[in-house]
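Please look through the sequence and the model before continuing.

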Amino acid sequence: LKFGSRVSSCCSRFELRAMSLLRTAVRLSVSVPSLVRRPNLPAVAPLISGVRCLASRSAPRLGHNLEDHYDMAEFVCKMHHPLGEYFIWGLIWTTFLVTFGPMLHSNYYFTGRWLPKDQGNTQLCDDSW
């Protein structure tokens with residue numbers, strides 16, 4: 001088969017049109033003078049003032065609370081789902097119970113009171129030191 005000869009019937013009309021379009025594009029790109037074409041420049045990163053590395057940080061943006069109000073409008077207007085807030089409050093109460101619960105239970109077990117009386121009796125005597 002020659003380059004311009006008729007192609008077998010396995011190719012569709014779309015493929016023929018695409019090939020002719022590609023052939024025309026290649027012919028036009030080759031015929032363009034080298035002055036008009038963009039020269040091949042080496043890929044060099046642009047010079048940036050200052051050096052950036054893994055631990056560098058951006059300059060602080062000093063704003064005011066009104067920006068936060070408009071940035072988090074859904075949160076301010078309580079339009080978000082409350083499950084996250086319930087989770088945080090649950091963590092707070094769990095921390096409280098894990099910390100103070102055993103102490104309160106120990107007080108109740110040994111003395112019959114959850115919290116001792118202010119200025120109440122203790123196991124220590126004044127002369128025991």
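Q: Is Tyr109 buried or exposed?
A: Buried means under 20% relative accessible area, exposed over 50%, and partly exposed in between, with a 1.4 Å probe and protein chains only. Tyr109 has a relative accessible area of 61%, so Tyr109 is exposed. Phe110 counts as exposed because its relative accessibility is 65%. The model is a predicted one, in which local features need pLDDT of at least 70 and side-chain atom pairs count only at pLDDT 80 or more, while totals for chains, interfaces and linings use all residues. Residues are numbered from 1 along each chain as its sequence is written, and side-chain values use heavy atoms, leaving out hydrogens and water.

Q: How many helices and strands are in the chain?
A: Helices (H or I, at least four residues) and strands (E, at least two) are DSSP runs, numbered from the N terminus. The chain has 4 helices and 0 strands, in the order α-α-α-α from the N terminus on. Of its 129 residues, 0% are buried.

Q: What is the reach of helix 4 from its first C-alpha to its last?
A: The expected span of a helix is 1.5 Å times one less than its number of residues. With 29 residues, helix 4 reaches 40 Å, close to the 42 Å expected.

Q: Where in helix 4 does a kink lie?
A: The bend at a residue is the angle between axes fitted to the seven residues ending there and the seven starting there. In helix 4, a kink of about 40° lies at Phe100, shortly before the proline Pro102.

Q: How many aromatic pairs does a search of the whole structure find?
A: A pair of aromatic rings is described by the distance of the centres and the angle of the planes. Rings of Phe, Tyr and Trp (its six-membered ring) pair if their centres lie within 6.5 Å; planes under 30 degrees apart count as stacked, over 60 as edge-to-face and the rest as tilted. The search finds 4 pairs. One of them is the tilted pair of Phe96 and Phe100, 5.0 Å centre to centre with 45° between the planes. These two residues lie 4 residues apart in helix 4, about one turn of the helix. Phe96 is partly exposed because its relative accessible area is 38%. The pair of Tyr109 and Phe110 is edge-to-face, because the ring centres are 5.1 Å apart and the planes stand at 90°.

Q: Which residues do ring pairs link into a cluster?
A: Trp93, Phe96 and Phe100 are linked in this way.
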